[in-house]
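Hi,

Here's the structure I said I'd pass along.

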Amino acid sequence: MKFLFALFSGLLISTTVLAQEVAPDVLVKTVTDEVLEIVRKDKDIQSGNTKKAIDLVEGKVLPNFNFTRMTQLAMARDWRKATPAQQKILTDEFHTLLVRTYAKALTEYKNQTVHYKPFTLKAGETDVRVRTEIRQAGAGKDIELDYWLEKSATGWKVYDIEVGGISIVTNYRETFASEVRNNGIDGVIKLLQTKNKSGETASVKK
Amino acid sequence: MKTMLPPRIKSLALAVAAAGLLAGCATSGNPKDPIEGFNRAMFAFNEGLDSAIVRPVAVGYEAVLPSPVRTGVTNFFGNIADLLIGVNNLLQGKAPEALSDLGRVVINSTIGILGTFDVASDMGLEKHNEDFGQTFGRWGVGSGAFVVIPVFGPSTARDTVGLVLDIAADPLTQVRASDGRDVLRVLRAVNARANLLPADKVVEEAALDKYSYVRDAFLQRRRNLVHDGNPPREPEADAEQVERPARAEAGAAEPRADGVAPDSPVLVARTETAEAK
């Protein structure tokens, strides 16, 4: 069952992206530059239009992410306790949450510049970290922003992002684990759904 | 005079950390957070304090002062902090970094006009992030139990001891009260809070349970800082070793083989030991 599910999600991704061989650091740089270029010109996003930012993230960023893998990492050992149907819902809801967060961060963008640290891809490597640094004029120290990517049949996919050493994926582990302990897998699903619904009403108010 | 301190402090920190780990054995919840009930109460108190006073002041501060002025304030206090950062780098045996920190202070205090301009960074002397808590971590002291300190916020047993030293050794502590010490302290705190304002909304958006989100982010961040940005992969990552072979190979697969439950205090103690190196 799990193989079928993995295959199925793999197919979904492959239909949306061309299977071209772009190096991971080039991929990160291209997508980042492209997204920031749009944000810089878009006054709506800058003034907090989350809906527009979400559309941008969905269109440009998401095809390069592996959400099944992200959800799996966040659920850790509890992932196996979930049925394929539950895994699907978990992935969808976690996807929504991460997209909202990413979009929210974009609306906070103010002239920061991104610097890409030197990166070399060793032969045969399939799991890499691309390091970048966000420099903000005046806010003191730079913020490290690292992307973890793994090679798939459809090119390199981001499966984790670390902000100043904090993984935005594994940071949910304890929350999920304790929810599973108390209310099972469905508890986590409900938690995510409630959060995502409250997010929707909040952005409508804006 | 401070040279006498480290060994004694190390054993003190070890004792506190050990106590934290023992407490972890006694409860059934999250072993990293044995006093969660107390912590949640303190967290709520701090959140209340923040939304009632600290945040509004920081918002006003940000609105009133133009960005270049706030940058100057950040740099000014950053320059003072570089002194202790240098001391901690020295205590951690990182002489080149310590020397660089000293160079930063000399350059920024003079050419940088009392530290208000970070000329040293432009010259390639990178700013570091160190404190006594990180030094203990480098020496091999585990972080111990998570604790939320009233007003100060998230910490751990180890970092609380570190914080006491940070405050004792803080150059501002040497300033006389009549010379405006408290004004400087408040300015530093407000400025630091203002720098964090953009993160507020993102955290609200991301967190399912703000307390545990902030706690786990704090613990990840500290672990990262102790290792200067290159922490070893977390042993819990082996939970899905079948699905992620590449990263699990890096020593992470080992703890699982002996059948220790991933969140047992034993494994956490081991995580702490691993963190030390």
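The crossing of α3(B) and α9(B) is left-handed. Keep in mind that this is a predicted model. The two helices, α3 (residues 67–91) and α9 (residues 181–206) of chain B, have axes that come within 10 Å and cross at roughly 120 degrees. With angles over 145 degrees counted as roughly antiparallel and 65 to 115 as roughly perpendicular, that makes α3(B) oblique to α9(B).

As for who meets whom, α3(B) brings Arg70(B), Val73(B), Thr74(B) and Phe77(B), and on the α9(B) side they meet Leu187(B), Arg188(B), Asn191(B), Ala194(B) and Asn195(B). Sorted by class, that contact has 4 nonpolar, 3 polar and 2 charged residues.

Now the contact between the chains: 29 residues of chain A and 33 residues of chain B take part. On the chain A side, the elements giving two or more residues are α5 (67–75), α6 (84–107), β5 (166–167) and α7 (173–205).

Chain A itself has 7 helices and 5 strands. Reading from the N terminus, the order is α-α-α-α-α-α-β-β-β-β-β-α. Of its 206 residues, 34% are buried. Among the chain A contacts with a separation of 6 or more, 62% link residues 24 or more positions apart.

Cheers

Notes: Residues numbered from 1 in each chain as written. Chains lettered and ligands numbered in written order. Predicted model: local features only at pLDDT ≥ 70, side-chain atom pairs only at ≥ 80, totals over all residues. Contact = placed C-beta atoms within 7 Å. Helix = DSSP H or I, 4+ residues; strand = E, 2+ residues; numbered from the N terminus. Axes fitted to C-alpha atoms, helices over the stretch in contact; angles between N-to-C directions. Parallel < 35°, antiparallel > 145°, perpendicular 65-115°, else oblique. Left-handed = near helix turned anticlockwise from the far one by under 90°. Nonpolar A, V, L, I, M, F, W, Y, C, P; charged D, E, K, R; others polar. Buried ≥ 20, exposed ≤ 12 C-beta atoms within 10 Å, placed from the backbone.
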